[in-house]
Amino acid sequence: MTAPVSPASTSSGTPAAGAISQDELKAQVGRAALAYVTPGEIVGVGTGSTVNKFIDALAAIKDQIRGAVSSSVASTERLRALGIAVFDSNEVEELGVYIDGADEIDHRGFMIKGGGAALTREKIVAAQSRRFVCIADESKLVQTLGAFPLPVEVIPMAARRVMRQFEAMGGVAQVREKEGLPLVTDNGQHIVDVTGLRISEPVAFESEVSQWPGVVTVGVFAHQKAHVCLLGTPAGVRTLQFD
Ligand code: 5RP
């Protein structure tokens with residue numbers, strides 16, 4: 001997962017001397033997100049390689065928080081391994097902050113998420129949080145959503161129909177696979193990934209696709225957009241405010 005960050009990179013694909021790796025940019029924003037954690041509270045925790053850096057940083061202040069609500073089995077396991085209590089989302093009415101990564105984020109705080117197949121639980125925890133703090137390296141910032149394949153969690157029997165609907169919109173859809181079989185999410189469902197879409201109106205798009213029969217969750221996060229984005233850059237962490 002470590003990739004060089006331009007301009008200071010070598011043709012061999014390893015960071016040049018003095019360059020900051022993508023992994024280090026993720027670690028930077030993971031640490032920076034601690035500033036948004038309120039002592040004594042339960043923290044909403046997302047999923048992915050950037051969030052893993054946040055979880056590792058959170059472990060250093062675990063005695064100052066009550067615990068976390070997690071958005072995936074993978075994050076739950078990592079949190080518990082580090083001694084951080086994990087609460088069921090039904091046990092907690094509201095969270096102050098949700099910290100999560102993104103596959104793409106635009107200048108309004110709208111995102112594509114679900115590269116790690118955790119989009120449904122991510123949207124649930126985001127919805128129960130007052131503030132969404134997105135942590136990402138600068139490669140995730142885009143003008144318009146849609147270059148990253150859009151993940152959509154679907155009930156398996158609806159997959160083909162949903163794919164045809166995306167194809168009618170000009171997209172190219174395929175069922176995500178793992179080891180030659182359809183990937184099964186933490187919720188027992190499948191993921192359809194859609195390329196070729198340019199999502200210029202994310203709020204309307206999310207509303208429409210969410211209504212299609214068999215769609216569990218569409219990976220556009222517009223209704224649950226980010227309020228803040230901590231963007232890792234070679235010059236340091238850049239804070240984008242959307243509220
Ligand atoms: C998982 C997600 C992740 O937040 C997204 O894929 C970004 O992951 P990473 O930090 O590994 O780039 O939505 O479902």
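A residue is near a molecule or strand if one of its heavy atoms lies within 4 Å of it. By this criterion 17 residues surround the ligand, the closest being Ser49, Thr50, Asp103, Gly114 and Lys140. The model is predicted, with local features requiring pLDDT of at least 70 and side-chain atom pairs counting only at pLDDT 80 or more, while totals for chains, interfaces and linings use all residues. Residues are numbered from 1 along each chain as its sequence is written, and side-chain values use heavy atoms, with hydrogens and water left out.

**Ligand contacts**

- A polar backbone atom of Gly114 is 2.8 Å from an oxygen atom of the ligand.
- For Gly116, a polar backbone atom is 3.2 Å from an oxygen atom of the ligand.
- A backbone N or O atom of Gly101 lies 3.4 Å from a ligand oxygen atom.

**Largest pocket**

- A pocket is an open set of points on a 1 Å grid over the protein atoms alone, where a 1.4 Å probe fits, with protein on both sides within 12 Å along at least five of seven lines; lining residues have an atom within 4 Å of a point.
- The largest pocket has a volume of about 310 Å³, a volume being the space filled by probe spheres set on the points, which are joined across faces, edges and corners.
- Its lining comprises 20 residues, and Thr47, Gly48, Ser49, Asp103 and Lys140 lie nearest the centre.
- This lining divides into five nonpolar, nine polar and six charged residues; Ala, Val, Leu, Ile, Met, Phe, Trp, Tyr, Cys and Pro count as nonpolar, Asp, Glu, Lys and Arg as charged, and the others, Gly among them, as polar.

**Second largest pocket**

- About 230 Å³ of space lies in the second largest pocket.
- Residues lining the second largest pocket include Thr47, Gly116, Lys178 and Asp186.
- Six nonpolar, four polar and two charged residues make up the lining of the second largest pocket.
- Domain 1 (6-12 + 143-219) and domain 2 (22-142 + 223-241) each contribute at least three residues to the lining of the second largest pocket; the domain bounds come from an automatic or database domain assignment.

**Glu206**

- Glu206 is found in helix α6 (residues 202-210), helices being DSSP runs (H or I, at least four residues) numbered from the N terminus.
- Glu206 counts as buried because its relative accessibility is 3%, buried meaning under 20% relative accessible area (1.4 Å probe, protein chains only).
- The side chains of Glu206 and Lys123 are joined by a polar contact of 2.6 Å, that is, a pair of N or O atoms within 3.5 Å, of which, within protein, one must be able to donate a hydrogen and the other to accept it, and residues adjacent in sequence count only if both atoms are side-chain atoms.

Conventions: Helix = DSSP H or I, 4+ residues; strand = E, 2+ residues; numbered from the N terminus. Buried < 20%, exposed > 50% of the residue type's maximum accessible area, 1.4 Å probe, protein only.
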